[in-house]
Amino acid sequence: MSKYVYPAVFTQEDKGMFSVNFPDLEGCYTCGEDLSEAMYMAEDVLAFTLYDYEKNQIAIPKPSAMNSIPHADNEFVNMIYCDTLSYQKRNNNKAVKKTLSIPEWLNEAATAANINFSQVLQDALKAKLNLS
């Protein structure tokens, strides 16, 4: 699963700043100079945290209901959406070298046609995995 929605507690700090905490995810918090930046940073840290859970095969906790999250007068709770697959595409694009074997005749035909082997493999893997 790559799409998630979790409740976040936004706390208004001094000078218009906001801190953000995800009560369901230990160590998942961020902040922003204003509400707009705090919202952006909340999505980013949520995607980063959940991608890390997925990558390390850590059980992902079920999100709490928004109305069950306690908060103070200077706080509000908002649901934050993230897509860990989109996050990976944006932030994890380091090329990885793969060695593979194909028949010599196929290699010669593809080379003569100026085929980009890396691009063909990427396209085929995306199609096989139903990724866009």
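These legends go with a few close-up views of one predicted protein chain.

Residues are numbered from 1 along each chain as its sequence is written. Because the model is predicted, local features need pLDDT of at least 70 and side-chain atom pairs count only at pLDDT 80 or more, while totals for chains, interfaces and linings use all residues.

**View 1. The whole chain, from end to end.** Here you'll find four helices and four strands, where helices (H or I, at least four residues) and strands (E, at least two) are DSSP runs numbered from the N terminus. Follow the sequence and the pattern reads β-β-β-α-β-α-α-α. The radius of gyration, taken over C-alpha atoms, is 21 Å, well over the 14 Å that the globule rule gives for 132 residues, so the chain is more spread out than a compact globule. That rule is 2.2 Å times the number of residues to the power 0.38. Along its principal axes, the C-alpha trace spans about 70 × 30 × 20 Å.

**View 2. Where helix α1 meets α2.** The axes of α1 (residues 35-55) and α2 come within 9 Å and cross at roughly 95°. That makes α1 roughly perpendicular to α2, a label for angles of 65 to 115 degrees. On the α1 side, the residues in contact (heavy atoms within 4.5 Å) are E43, D44, A47, F48, L50, Y51 and E54, and they meet T84, Y87, Q88 and R90 in α2.

**View 3. The largest pocket.** Its volume is about 1,100 Å³, the space filled by probe spheres set on grid points joined across faces, edges and corners. On a 1 Å grid over the protein atoms alone, a pocket is an open set of points where a 1.4 Å probe fits, with protein on both sides within 12 Å along at least five of seven lines; lining residues have an atom within 4 Å of a point. Of the 28 lining residues, V96, S118, L121, Q122 and L125 are the closest to the centre. Helix α4 gives the largest share of the lining, seven residues.

How values were computed. Heavy atoms only, no water. Axes fitted to C-alpha atoms, helices over the stretch in contact; angles between N-to-C directions. Parallel < 35°, antiparallel > 145°, perpendicular 65-115°, else oblique.
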